[in-house]
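Please open the model in your viewer and keep a selection panel at hand. The tour below moves from one selection to the next and says what is found at each stop.

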Amino acid sequence: MKIQENASRTEGSGLAGVNAADTQTTNPSLPTPRLPVVTPHPRQYVLDDWTEPRLKAMDSAGSTPQFAENPDSAQFHTTMMLPRYHGSNQVMRRNWALGRKLLLIGYDGLWLNIAFLVAYYVRFDILKGITFVSASPFVPAAITTLRLFQVALVVSMLLLVTARGLYRLRVTGTLARQFNIFFTAAAIGFAMYSIYEYLLRSTKFVLSPNTRAVVIFAWAAVVLVPFSARILLALGMMLVYRLGIGRSRILVIGSGRTGKIVMQHFAALANQGYHVVGFINEHADGPAEFGRFTALGTLDHLEKIIREEQIGEAIIALPTSNMGETARSIRICERNAVPFRLVPGMQEFSLTRIELEMVEGLPLLNLHRVSSASWQRTIKRVIDIVGSSLLLIIGTPIWCLLILLIKLDSPGPIIYRQARVGRNGNVFTTLKFRSMYTGAHQLRRQLADQNHAGRGLFKVRNDPRVTRVGRFIRRASIDEIPQLINVLRGEMSLVGPRPPLPEEYARYETWEKRRLEVTPGLTGLWQVRGRSEVTFEEMVLMDLYYIENWSLHLDLQILLKTLPVVLFGRGAY
């Protein structure tokens, strides 16, 4: 439906588009009203199949819709400002969020009670008769005399962890923060008990004297037991998420560099319950796809996409120079009751830490740039030498077995040597266990049409050049073990960008060569966020993110995430 409106209209008409002729009275005795002469300016209101029936209903009820105009456009493209609408799916989402929170509170309450029972059992059954203060003899106590302390302990812990924001966190991916909340809450609770005991020890409000014997054990138990239960819950939910059940459908609003980095980040968090549905282009001429991700439309289609794709959360990653579209996206998300989060603009991604500081209610961001301290580089080099040496020594029996299998599987050398481009464009020779038949490189042109990784990479599913043993060692990533020798030589690092072939490097654009400003590595963000499923464009952005945000902590995170990726063979072929 389209409503065509002329500039000459009467004030207070129900629908835009009523011209002067329609307002003339049918009584000839009355003068014809004179309207101001205005140069006509055509305006079009394009309504979708959801908005049109609502507009008709408003018109029949005598209500007047309001339109917000965008004067920056050549034509007045308008957005109808309808009352806030919450569909049944939004109501269900809110109810599910509330139900989920109540279930988690009940789950934690159960394990807090179990924690008290564990503390009681350890103190009065396992350690009975043992005194820790010579002046205080051991006094056995029935558990019934400690019921009041048990209730106070459980209730106070639930209140404290709630106040600390435990139930605003996702169960998966936040275990360190959850432990900190349990530990802090237990410390505060222990301090509150100490104050209470000191002030009221001589009154009738004092707790059972037996409480003192168990309080220190209870303090440790209410941290370790419920947190251990949280770990089990997180593992269970990760398994469910891997099956594609219960994942939150994420829509990324923005197709620039910031939006692409956000898509890569959330796509790597599938085990934490995220599924990137697609992205919204900032402009009509934006890309139709980016690697594994597909454009679903532009900002003009945002509201329709949110409803049709049943979006669970929106990530607004528009450039900071486009605050108008950011505000528009926020209004649409609010109108459809979709939770949203804002991502800092592109320039903030070159910062390792963004700290929020409140000054008399005014939020201020403290920006700290990447530290390139030489001591960190030195520690990184020490880790490379120690780590690669240990892996080579400890795994010697396995490497010897692989050498035998490779030799028996197909004719050719055991070690495959290949020229690669390292830091600052320097060429070096990498070492790998041979996983292909001899002469495989000559068949590369014949398989060019099967390359799915795009410019700068060569990846073929079910590559016929790969041997039987090679298919296994490539999937397990142990074909790259000899590159530990490259690490010892200083040509590579344990963590860093993937070293390209000279012919791949020759096709790089100038800005893409920045990914080799650091030493290439055996693993990196590309390894833990998709491996062979990652396209070249995605890999370049990941490497640039790594360079701009490098730290020892980031290296440690990548190394820890590499282990499960290699063990389960995710994204490898």
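**First stop: a buried aromatic pair**

Select Phe116, which is buried, with a relative accessible area of 0%; bear in mind throughout that this is a predicted model. A search of the whole structure finds 11 aromatic pairs, and one of them is formed by Phe116 and Phe149, a tilted arrangement with 6.2 Å from centre to centre and 55 degrees between the planes. The pair links distant parts of the chain, since Phe116 belongs to helix 2 (residues 88-126) and Phe149 to helix 3 (residues 147-163), 33 residues apart.

Next, select Phe179, Phe183, Phe190, Trp219 and Phe227 together, and you will have one aromatic cluster on display.

Strand 10 runs parallel to its partner, strand 9 (residues 313-316), with 3 bridges between the two, and selecting Ile316 will lead you to Leu342, its bridge partner in strand 10.

Which residues touch the most other members of the largest nonpolar core? Among its 36 residues, these are Phe433, Ile473, Tyr546 and Ile558. To see where this core is drawn from, colour the elements that give two or more residues to it, including helix 10 (396-409), strand 14 (427-433), helix 11 (468-475) and helix 16 (552-568); the largest share, 7 residues, comes from helix 15. Centre the view on Ile558, which, neighbours within four places in sequence aside, is in contact with Val495, Thr523, Gly524, Leu525, Val528 and Tyr546. A second, separate core holds 35 residues, and the pair from the opening stop returns here, as Phe116 and Phe149 are included in it along with Ala115 and Ala218.

**Last stop: charges over rings**

Finally, select Arg377 and Trp550, where the arginine lies over the face of the ring at 4.0 Å from its centre. Then turn to Lys513, which lies over the face of Tyr505, at 5.2 Å from the ring centre.

Technical notes: Residues numbered from 1 in each chain as written. Predicted model: local features only at pLDDT ≥ 70, side-chain atom pairs only at ≥ 80, totals over all residues. Heavy atoms only, no water. Pairing = 2+ DSSP bridges. Helix = DSSP H or I, 4+ residues; strand = E, 2+ residues; numbered from the N terminus. Core = buried A, V, L, I, M, F, W, Y, C linked by side-chain atoms within 4.5 Å. Buried < 20%, exposed > 50% of the residue type's maximum accessible area, 1.4 Å probe, protein only. Contact = heavy atoms within 4.5 Å. Phe/Tyr/Trp six-rings, centres within 6.5 Å; stacked < 30°, edge-to-face > 60°. Lys NZ or Arg CZ within 6 Å of the ring centre and 35° of its normal.
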